[in-house]
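Subject: Handover of a structure

Hello,

I am passing on the structure we spoke about, with notes on what was found in it. Please look through it before reading on.

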Amino acid sequence: MKPGKTGIARIIDATQYSMKGLRAAWCFEAAFRQEVLLLLVLLPVLVIAELELSERLLLLMSLLGLLITELLNSAIEAVVDRIGSDYHELSGRAKDIASAAVFIAICQFIIVWVAVLWPL
């Protein structure tokens, strides 16, 4: 078993690492900043629109899913870039696949928001 903190101390450390990661994404990733701003712009829709709780949650989860995917994409890009700046087919493939995941998350976001809000 790996040595380290346990219990509440581990949870506190993990939370601090997560906050550090969110700060890094905000500072270094323009796409993440754009998606956070999109979230902030669309949050009033979740409050104002006459929607069922399940619809509100579906809309929110599609936005959060996009942010999660962007964070994972940024992490993959950072690791690949850390390895080296020389082009390598596998590095390019990893970055392209991560980018494709973001594209699918964006498509999902659009489909969900249109499907839920179109009749309104």
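Two residues are said to be in contact when they have heavy atoms within 4.5 Å of each other. By that rule, and leaving aside its neighbours within four places in sequence, leucine 63 is in contact with Leu38, Leu39, Leu42, Phe109 and Trp113. Please keep in mind throughout that this is a predicted model.

Overall layout

The chain has four helices and zero strands, so that its elements, read from the N terminus, run α-α-α-α. The C-alpha trace spans about 50 × 40 × 25 Å along its principal axes. The radius of gyration of the chain is 18 Å, whereas a compact globule of 120 residues would have one near 14 Å. Of the 120 residues, 23% count as buried. The accessible surface comes to about 8,900 Å², and 69% of that belongs to carbon and sulfur atoms. Among contacts between residues at least 6 apart in sequence, 66% join residues at least 24 apart.

The nonpolar core

The largest nonpolar core has 15 residues, and Leu59, Leu63 and Trp113 touch the most other members. Helix H2 (30–48), helix H3 (53–83) and helix H4 (89–117) each supply at least two residues of this core. H2 gives the most, with five residues.

Helices H3 and H4

H3 has 31 residues and reaches 45 Å from its first C-alpha to its last, close to the 45 Å expected at 1.5 Å a residue. Its buried residues are Leu59, Ser62, Leu63, Leu66, Leu67, Thr69, Glu70, Asn73, Ser74 and Val80. What covers the buried residues of H3 includes H2 and H4.

H4 has 29 residues, and from its first C-alpha to its last it reaches 42 Å, close to the 42 Å expected at 1.5 Å a residue. The buried residues of H4 are Gly92, Ala98, Val102, Ala105, Phe109, Val112, Trp113 and Val116. They pack against H2 and H3.

Two residues of H2

Is glutamate 35 buried or exposed? Glutamate 35 lies in helix H2 and counts as buried, because its relative accessibility is 10% and the cut-off for buried is under 20%.

Not counting residues up to four places away in sequence, valine 45 touches Trp113 and Leu117. Trp113 is one of the core residues that touch the most other members, and is in contact with leucine 63 as well. The C-alpha atoms of valine 45 and serine 91 are 39 Å apart, and the two residues are 46 apart along the chain.

In an unreviewed entry, UniProt places the feature "binding site" at Glu29 and Glu77. Although these are spread over 49 residues of sequence, they cluster in space, with a largest C-alpha distance of 10.6 Å. Where is glutamate 29 placed? Glutamate 29 is in the loop between helix H1 (7–28) and H2, while glutamate 77 is in helix H3. Glutamate 29 counts as partly exposed because its relative accessibility is 22%. Glutamate 77 also counts as partly exposed, at 24%. Leaving aside neighbours within four places in sequence, glutamate 29 is in contact with Ala24 and Ser74.

Residues 57–76 are 100% helix and 0% strand, with end C-alpha atoms 28 Å apart.

Regards

How values were computed. Residues are numbered from 1 along each chain as its sequence is written. This is a predicted model: local features need pLDDT of at least 70, side-chain atom pairs count only at pLDDT 80 or more; totals for chains, interfaces and linings use all residues. Side-chain values use heavy atoms; hydrogens and water are left out. A nonpolar core is a set of buried Ala, Val, Leu, Ile, Met, Phe, Trp, Tyr and Cys residues joined through side-chain atoms within 4.5 Å. Buried means under 20% relative accessible area, exposed over 50%, partly exposed in between (1.4 Å probe, protein chains only). UniProt positions are given in the numbering used here, feature names are shortened, and annotations may be inferred rather than shown by experiment. The expected span of a helix is 1.5 Å times one less than its number of residues. The radius of gyration is taken over C-alpha atoms; the globule rule is 2.2 Å times the number of residues to the power 0.38. Accessible areas come from the Shrake-Rupley method with a 1.4 Å probe; for residues, only the protein chains shown count as cover.
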